[in-house]
Every structure is written in structure tokens, then in C-alpha cells.
Amino acid sequence: MDWGKVVFVFFILMSLTSTIGFLYEQNVVMIFIASGVNILSTFLKVGVRGFMAAELMAASLVADLHLIPAFVVLEAFNNIEISVALALGALAANIVSIIFIAIESAKSNNNFN
């Protein structure tokens, strides 16, 4: 088992699920956790070389640039509607990341012959 890949996929899934957690329980702590986990996931993608590495990084940056402003808007202006809208954009980007990982895993797996 490749433990590096396990950690990598773990943080990508945590990014997705923590964003969903914020959409369920809309408070500043949840959006802070979602932002933090997503930033960690982005850092893990730096230096990754793979079939879809650029696409994974782009999707992660999109999620970051949705979650960080969502946190700021919720903390500074207490506007939950805008924060939820931004978190939904991050959710879409995280779903795309999961799809990219599935494609890359299927492409790298040689058992389909």
C-alpha cells in the first residue's frame, strides 16, 4: 500500500466532507475547519507529478478561493447566505477533484487489460 497516496486522498476527501459539514452546520468554526483542511490538501498537491496533477491543483485552488472568502464573509459580515454560496462553489471544486483522482487512478491501474 502506498501510504503517501493514502494521506493525499485522505486530505482530499476531508476537504470534501468538511465543506459538506459546513453546509450542514453553518457556523464559523466549521468553515474555518473546511478552509484549513482544504489549504492542507492544496499544499499536499504541490510537487505532485501525475497524469492530472495540474487539474487537481487548479480544482484545489478554486476551492481555496471559495472557502477563504466564505470564512472572511461569515466572520467579518456575519452573512451566512454568501458564505453558503461560496462553500457550494468549493463543494463543486472538491467533487471535481475526486473525479480527477478516480480518473487518474483508473488510468494508472494496469489491471484493465
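Reader: Is Asn94 buried or exposed?
Author: This is a predicted model, where local features need pLDDT of at least 70 and side-chain atom pairs count only at pLDDT 80 or more, while totals for chains, interfaces and linings use all residues. Residues are numbered from 1 along each chain as its sequence is written, and side-chain values use heavy atoms, with hydrogens and water left out. Now for the label: buried means under 20% relative accessible area, exposed over 50%, and partly exposed in between (1.4 Å probe, protein chains only). Asn94 has a relative accessible area of 2%, so it is buried.

Reader: Which residues does Asn94 touch, not counting residues up to four places away in sequence?
Author: Asn94 lies in helix H4; helices (H or I, at least four residues) and strands (E, at least two) are DSSP runs, numbered from the N terminus. Touching here is contact, meaning heavy atoms within 4.5 Å. With residues up to four places away in sequence set aside, Asn94 touches Ser15, Leu16, Thr19, Asn38 and Ala63.

Reader: And Ser60, is that one buried or exposed?
Author: Ser60 sits in helix H3, and beyond four places in sequence it touches Asn38, Ser41, Thr42, Lys45 and Ser97. Its relative accessibility is 1%, so Ser60 counts as buried.

Reader: What covers the buried residues of H2?
Author: Helix H2 covers residues 28-45. Its buried residues are Ile31, Ala34, Ser35, Val37, Asn38, Ser41, Thr42 and Lys45. The cover over them includes H1, helix H3 (53-77) and H4.

Reader: How are H3 and H4 placed to each other, roughly parallel or roughly antiparallel?
Author: Two packed helices are described by the angle between their axes and the distance between the axes. Axes are lines fitted to C-alpha atoms, for helices over the stretch in contact, and angles run from 0 to 180 degrees between N-to-C directions. The axes of H3 and H4 come within 8 Å and cross at roughly 165°. Angles under 35 degrees count as roughly parallel, over 145 as roughly antiparallel, 65 to 115 as roughly perpendicular and the rest as oblique, so H3 and H4 are roughly antiparallel.

Reader: What about H1 and H4, how many nonpolar residues are in their contact?
Author: Helix H1 (residues 3-24) packs with H4 at an angle of about 150°, their axes 9 Å apart, and the pair is therefore roughly antiparallel. For the classes, Ala, Val, Leu, Ile, Met, Phe, Trp, Tyr, Cys and Pro count as nonpolar, Asp, Glu, Lys and Arg as charged, and the others, Gly among them, as polar. The contact of H1 with H4 has six polar residues, one charged, and as for nonpolar ones, 17.

Reader: Which residues is Ile80 in contact with, leaving aside its neighbours within four places in sequence?
Author: Ile80 is in helix H4 (residues 80-108), and at 23% relative accessibility it counts as partly exposed. Ile80 and Phe22 are 58 residues apart in sequence and 11 Å apart in space, C-alpha to C-alpha. Apart from those sequence neighbours, Ile80 is in contact with Phe22, Gln26 and Leu74.

Reader: What is the phi of Asn78?
Author: Asn78 is found in the loop between H3 and H4, and its relative accessible area of 64% makes it exposed. Most residues other than glycine have a negative phi. Asn78 is not a glycine, yet its phi is positive, about 55°.

Notes: The expected span of a helix is 1.5 Å times one less than its number of residues.
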